[in-house]
Amino acid sequence: MCRYCLWLDFKGRILADSFLLKESDDSVLLVSYQSPSDTLMAKFERHIIADDVEIENLTGQYELISFQNADSAAPVLTELGIEAPTKEQYASNRGQVYSFRGRRLGLNTLDILVPRVIGTVEFVDSMSRKEAEACRLRNGIPMIPEDSEAALANPLEMNILSALSFDKGC
């Protein structure tokens with residue numbers, strides 16, 4: 001399972017965002033484009049009371065590559081030996097490389113998370129950072145926390161309610 005989630009303060013203002021990749025009942029991988037790991041770590045540590053939970057910060061050990069869609073990512077997926085995932089799922093090859101439907105370039109984005117040791121330079125798409133930013137803005141995708149911090153925005157103001165769950169205990 002893969003879900004895009006927002007992490008909010010007690011007033012409902014956005015602190016951070018991430019994708020949750022549920023590897024098993026005992027293991028979840030969090031992936032965020034820009035949200036600082038210390039913000040996420042502090043949020044989780046405040047809520048661990050009596051549970052036997054281990055949090056590991058893997059920042060800097062992976063490279064995240066975004067493609068506009070699964071078709072543009074197909075050659076890289078083939079080379080890495082993984083498939084394009086279905087919506088709300090992720091694909092992985094033995095827990096080393098992950099692919100999931102992201103948001104960086106629009107709602108059809110396909111993200112690939114690879115360990116830095118793979119040498120990702122040869123996998124990088126031809127889109128420049130400036131073109132990627134223009135694509136994101138055209139598609140109305142907010143970058144968290146940069147686009148939410150100035151106004152202390154809430155999810156309603158940023159039109160990202162799909163990242164929230166209104167079920168108790170989710």
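Strands β1 and β2 form a hairpin, with five residues between the two. Gly-12 sits in the turn and has a positive phi of about 85 degrees. The model described here is predicted.

Strands of a sheet pair through backbone hydrogen bonds, either parallel or antiparallel.

β1 and β2 (residues 14-24) run antiparallel and are joined by seven bridges. Cys-2 stands opposite Leu-21 in β2. Arg-3 has Leu-20 in β2 as its bridge partner. β1 is mostly covered, with five of its seven residues buried.

**Aromatic contacts**

How many aromatic pairs does a search of the whole structure find? The search finds five. One of them joins Tyr-4 and Phe-19. This pair is tilted, with 5.0 Å centre to centre and 50 degrees between the planes. The pair links distant parts of the chain: Tyr-4 is in strand β1, Phe-19 is in strand β2, and the two are 15 residues apart. Tyr-4 and Phe-19 are both buried.

Phe-19 also pairs with Tyr-33. The ring centres are 5.7 Å apart and the planes stand at 75 degrees, so the pair is edge-to-face. Tyr-33 lies in the loop between β3 and α1 (37-47), while Phe-19 lies in strand β2, so the pair ties together parts that are 14 residues apart in sequence.

Are Phe-19 and Tyr-33 buried or exposed? Phe-19 is buried, with a relative accessible area of 3%. Tyr-33 has 13% relative accessibility and also counts as buried. The cut-off for buried is under 20% relative accessible area. Ring pairs link Tyr-4, Phe-19, Tyr-33 and Phe-100 into a cluster.

**The four-stranded sheet**

A further open sheet has four strands, in the order β4-β7-β6-β5. Its pairing is antiparallel. β4 and β5 are the edge strands, and each pairs on one side only. Neighbouring strands here are turned by 20 degrees against each other on average, direction ignored.

| Strand pair | Bridges | Sense | Example of facing residues |
|---|---|---|---|
| β4 (residues 62-67) and β7 | six bridges | antiparallel | Leu-64 and Leu-113 |
| β6 (residues 98-101) and β7 | four bridges | antiparallel | Tyr-98 and Leu-113 |
| β5 and β6 | three bridges | antiparallel | Ser-92 and Tyr-98 |

Leu-113 in β7 is the bridge partner of Leu-64. Tyr-98 stands opposite Leu-113 too. Tyr-98 in β6 is in turn the bridge partner of Ser-92.

Why is β7 (residues 110-115) described as largely enclosed by the rest of the structure? Six of its six residues are buried, so the strand is largely enclosed. Both faces of β7 are covered. Leu-110, Ile-112 and Val-114 are buried on one side. Asp-111, Leu-113 and Pro-115 are buried on the other.

**Loop and surface features**

Glu-88 has a phi near 60 degrees, a positive value in a residue other than glycine. Where is Glu-88 placed? It lies in the loop between α2 (70-80) and β5 (90-92). At 38% relative accessibility, Glu-88 counts as partly exposed.

Leu-156, Leu-161 and Phe-166 make a nonpolar surface patch of about 360 Å². Leu-156 lies in the segment after α4 (146-149). Its relative accessibility is 62%, so Leu-156 counts as exposed. The cut-off for exposed is over 50%.

Technical notes: Residues numbered from 1 in each chain as written. Predicted model: local features only at pLDDT ≥ 70, side-chain atom pairs only at ≥ 80, totals over all residues. Heavy atoms only, no water. Patch = residues over 30% accessible without salt bridge, like charges linked within 9 Å, V, L, I, M, F, W, Y side chains within 5 Å. Areas by Shrake-Rupley, 256 points an atom, 1.4 Å probe, with all protein chains shown as cover. Salt bridge = Lys/Arg side-chain N within 4 Å of Asp/Glu carboxyl O. Buried < 20%, exposed > 50% of the residue type's maximum accessible area, 1.4 Å probe, protein only. Pairing = 2+ DSSP bridges. Phe/Tyr/Trp six-rings, centres within 6.5 Å; stacked < 30°, edge-to-face > 60°. Axes fitted to C-alpha atoms, helices over the stretch in contact; angles between N-to-C directions.
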